[in-house]
Amino acid sequence: MPNMRTRVINGLVDLVVAVVLAGFLTVAGAWPAAATPSGSLWFDGTSLTVRNGRFTDGQGREIVLRGYNVSGETKLEENSGLPFASVADARKSATALRALGGGNAVRFLLSWAHAQPVRGQVDTAYLAAATDRIRAFLDAGIRVYPDFHQDLYSRHLFDAGSWYTGDGAPKWAVDAGSYPKESCGICLFWGQNITQNAAVTKAQYDFWHNAHGVQDAFLATAQTTMSYLVQHLTGAEFAGVAGFDPYNEPYAGTYASGQTSRTWERDLLWPFYQKFRARMDAAGWQGKPALVEPNLFWNSDIHSQKQEGGLLDAGTLGPRYVFNTHFYDQKAISGILMWGKAGDGQYATDFAGVRDRASAARSTALVSEFGHPLSGTVADKAPTVLKAMYQALDSRLPGSGWWSDPASSGPVLSGTQWQWDIYHSRHHELMNGNRDKVLTSGDAWNDEDLSAVRLDASGAVQLRQDVRLLDRIYPSATAGSTLAFTYEDRSRDGSTTLTWNRVPSSLPNVSRLVGSGQYGLLVWRSGSGTAPTELHLPASFPTSATTVVSDLGAAYAPPSYTASTPVGVAPEPGGTGSRRLLLTDPDSGALHYALVTNGATAPSADLLSAAKSELAAWAGAHF
């Protein structure tokens, strides 16, 4: 979570999208575990590795992971440190995340406190329950990467009268430290506890210095957890596990005499990750990357908070490590440091820094948390802030400059938004065990309210944000090398449609084809494999209203995919009703492009041909 959060002051009318999914979201009872997700094709279901600075599947395709954190519920006690009260709820959430949110991956939060409630004893009942819930997402065709989550080190540093709370370490680890009574002083944001609360800073310091053997105990618990997953998931299921995030938002607590943020990363954080990597290998995770986070403050957009870092002295990370970071606009969240709303290219520089750091480390990048409060005094910024963040994940360029310089677009980043909590505003959390302080609203944790979803009165999943923002076109698999990508979602800020990437007037037929619709454009160079390139198709792109213009073919209402169909549509694995566009090229090393839009109604063959000619000339000129 970010190091600043506004306190919830005023409610905001939720932007709710009701959904009916042919009964998918209300199925009760046990579901049999599938060997592979239903609807899988021959090229689906392979494990991910890191190659040439990209996530890569077994077919050699570049993979982009998009989805959400599931969920902040793990930080609460009401469901015993699990993100879902039942497997049925997990399946409901997974189906909706795929069909409504367009996600193909989740960061799955785990609780150290519940995995090891007693020193030296791992609770296998907790691991079993977590594994069953992980399987629900794997069955839906969603890749999973677990995360042992912590914020403010532990809930057990706080007492019944505290203003704030934490999560992470078990009570025995806190008791071993004999920490002072927690106090943040004058704190307006929960994140200020990270640097201002002596109990939190001392506990963090002790963890990184392995005081009382707490770090060793954590590593042992992590290894047991990973071994349990290997033993209790089938091989096909385990192939869907993308890696492991060892530690959420690491921070020194306090720096030792003469130590800097950079030397702390070098001397304490990186050796911890190497130890965690060894535990992964011992548990049977040799082929999966550790998704390692740098110092929490390495990329803060508030100058006074920023600290040198980014695992600068770790050397080459890939393929056994992924550069994993978070990004929140602290200025926007503060309510003071950024007036107005986000605009086109707002975070291009911030996310370019993520790309560049991963490239320098010869690994790929993952933005495992990003988001913005959806209620309170700064909630009005959320539509533009989130649009700008997704734009920066898609490309390092602002929309205004994309068409004139697409070759500088950079790699498409993987990311998981914070968060996807179906229990939003239905909680019953006794804050720090206080029966007189029962939290029900928002995320029920330190006044946060960031969940993209909630349940309606009937128990069906609803989006709280604009579906056009969340359910997006993205290149989930590229057969070769991605050269450029952009997506204009036409998402809304209230009643205003936001358009930041207009088709230029120099491409009049492409502009006419797109009209006022949404569109995505991918440019890639083909590889040597035979599996197709995939683009996720949002629900706003029904096959009957989708137009594709590519050098591989132009089609309105493209046909169903077959091995001999260069442009076709198929279900995504998992049986959730979500779909993908499959583009099959016959060559290697050739330039390809594909424009996908829902802006045209039965375009003529002449218009399709003219748009194809314009795109071919444009691509040839820029690549």
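Student: How many residues of the lining of the largest pocket are nonpolar, polar and charged?

Tutor: The model is predicted, so local features need pLDDT of at least 70 and side-chain atom pairs 80 or more, while totals for chains, interfaces and linings use all residues. Residues are numbered from 1 along each chain as its sequence is written, and side-chain values use heavy atoms, without hydrogens or water. Counting Ala, Val, Leu, Ile, Met, Phe, Trp, Tyr, Cys and Pro as nonpolar, Asp, Glu, Lys and Arg as charged, and the others, Gly among them, as polar, the lining holds 14 nonpolar, eight polar and ten charged residues.

Student: Which residue of S22 is the bridge partner of Thr547?

Tutor: A hairpin of two residues leads from S21 to S22, and the two strands, S22 being residues 553–556, run antiparallel with four bridges between them. Strands pair if DSSP finds at least two bridges between them. In S22, the partner of Thr547 is Tyr556.

Student: Which residue of S25 is the bridge partner of Val549?

Tutor: S21 also pairs with strand S25, residues 591–597, in the antiparallel sense and over four bridges. Within S25, the residue bridged to Val549 is Leu595.

Student: Which residues of helix H11 are buried?

Tutor: Helix H11, a DSSP run of at least four H or I residues, spans residues 348–360 and has 13 residues. After H11 comes Arg362, where phi is positive, near 55°. The buried residues of H11 are Ala348, Phe351, Ala352, Val354, Arg355, Arg357 and Ala358.

Student: Why does Asn434 count as buried?

Tutor: Asn434 sits in the loop between strand S11, residues 429–430, and strand S12, residues 438–439. Asn434 counts as buried because its relative accessible area is 16%.

Student: What is the distance in space between Asn434 and Phe158?

Tutor: Along the sequence, Asn434 and Phe158 are 276 residues apart. In space, taken from C-alpha to C-alpha, Asn434 and Phe158 are apart by 11 Å.

Definitions and conventions:
The expected span of a helix is 1.5 Å times one less than its number of residues. Buried means under 20% relative accessible area, exposed over 50%, partly exposed in between (1.4 Å probe, protein chains only).
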